[in-house]
Amino acid sequence: MGKPANPTAAMLPEAPYRERFGGPVAGIDEAGRGPWAGPVVAAAAVLTGPPPPGLDDSKRLTAKRRAAIFAALPGCARIGIGIADTGEIDRINILRAADLAMKRALEALLAQGPVAGAVIDGNRVPPGLGLPAEALVGGDGRMAAIAAASVVAKVTRDRMMAELAARHPGYGWERNMGYGTAEHRAALARLGVTPQHRRSFAPISRLLLEES
């Protein structure tokens, strides 16, 4: 069997979560744990109407389709965005920084209206969210609110990396989004480390050690 024409139609219903939590349910996801440069970005979303057709895990969508869904989501969802920058990643590590970004995204969402509980993509719940929460492995492809958060986090971070690429040309961040591609590695050898590089990541820390 092929992939359904509208993946959203096959996703888990949110009604059981709303009943369990007693109100609106936020889906939470993040983008940017693995790159060597740039922030980690999280989004939290509560659906307020039918989601855009074709909503899916952001990794399964083309850049054009992600942008179209991103533009449509404010008409059917409340959205909060949270960011942890490179300095925070290096100070507290990437796992805690991703948790911090998700907490900030939820706080931004709560400022817009009530949220009774949250479902987070993955196998763990970040500590200190302040409301009931569950983890859902593969949630960005299984629950519409998490898929919406996935798209928002990915598009927001990609656009931030394009802006950073203009400030730090030569690394190809507008294409590789800060991941350790051959292009990025070659630029590091040629141009060196920028303030946007994650010094706590082994490839960057090794390069800094070699330069010292």
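The legends below describe an overall view and several close-up views of a predicted model. Residues are numbered from 1 along each chain as its sequence is written, and side-chain values use heavy atoms, with hydrogens and water left out. Local features need pLDDT of at least 70 and side-chain atom pairs count only at pLDDT 80 or more, whereas totals for chains, interfaces and linings use all residues.

**Figure 1. Overall view of the protein, with eight helices and five strands.** Helices (H or I, at least four residues) and strands (E, at least two) are DSSP runs, numbered from the N terminus. From that terminus, the order of elements is α-β-β-α-β-α-α-β-β-α-α-α-α. The radius of gyration, taken over C-alpha atoms, is 18 Å, close to the 17 Å of the globule rule for 212 residues, so the protein is as compact as a globular protein of that length. The globule rule is 2.2 Å times the number of residues to the power 0.38. The C-alpha trace spans about 60 × 40 × 30 Å along its principal axes. Of the 212 residues, 50% count as buried; buried means under 20% relative accessible area, exposed over 50%, and partly exposed in between (1.4 Å probe, protein chains only). Contact means heavy atoms within 4.5 Å. Among contacts between residues at least 6 apart in sequence, 67% join residues at least 24 apart.

**Figure 2. The largest nonpolar core, with 33 residues.** A nonpolar core is a set of buried Ala, Val, Leu, Ile, Met, Phe, Trp, Tyr and Cys residues joined through side-chain atoms within 4.5 Å. The members that touch the most others are A26, I28, V40, L106, L109, V115 and W173. Two or more residues each come from strand 1 (25-31), strand 2 (40-47), helix 4 (94-110), strand 4 (117-121), helix 5 (144-167), helix 7 (182-191) and helix 8 (202-211). Helix 4 gives the most, with seven residues. Beyond four places in sequence, I28 touches A43, A44, M102, L106, A118, V119, I120, D121, I146 and A149. A second, separate core holds 20 residues, including C76, A145, A149 and V152. In soluble globular proteins, nonpolar side chains tend to be buried together.

Figure 3. E30 counts as buried, at 18% relative accessibility. Its side chain makes a polar contact with the side chain of R33 at 2.9 Å. A polar contact is a pair of N or O atoms within 3.5 Å; within protein, one must be able to donate a hydrogen and the other to accept it, and residues adjacent in sequence count only if both atoms are side-chain atoms. Neighbours within four places in sequence aside, E30 is in contact with V40, V41, A42, M102 and A153.

Figure 4. The side chain of D121 reaches the backbone nitrogen of D140 at 3.1 Å. D121 and G141 lie 20 residues apart in sequence, and their C-alpha atoms are 9.1 Å apart in space. With neighbours within four places in sequence left aside, D121 is in contact with I28, D29, L136, G138, G139, D140 and I146.

**Figure 5. H197 in the loop between helix 7 and helix 8, with the aromatic pair Y171 and W173.** H197 counts as buried, at 0% relative accessibility. The side chains of H197 and H184 form a polar contact of 2.9 Å. Leaving aside neighbours within four places in sequence, H197 is in contact with W36, A37, T86, D90, Y171, W173, H184, L188, G192 and I204. Y171 and W173 are themselves buried. The structure holds two aromatic pairs. Rings of Phe, Tyr and Trp (its six-membered ring) pair if their centres lie within 6.5 Å; planes under 30 degrees apart count as stacked, over 60 as edge-to-face and the rest as tilted. The ring centres of Y171 and W173 are 5.2 Å apart with planes at 25 degrees, so this pair is stacked.

**Figure 6. The two sides of helix 7.** The buried residues of helix 7 are H184, A187 and L188. They fall within an arc of 105 degrees (from the directions of the helix axis to the C-beta atoms), so they line one face of the helix. Their cover includes helix 6 (173-176) and helix 8. On the other side, A182, A189 and R190 are exposed. Just after helix 7, G192 takes a positive phi of about 90 degrees.
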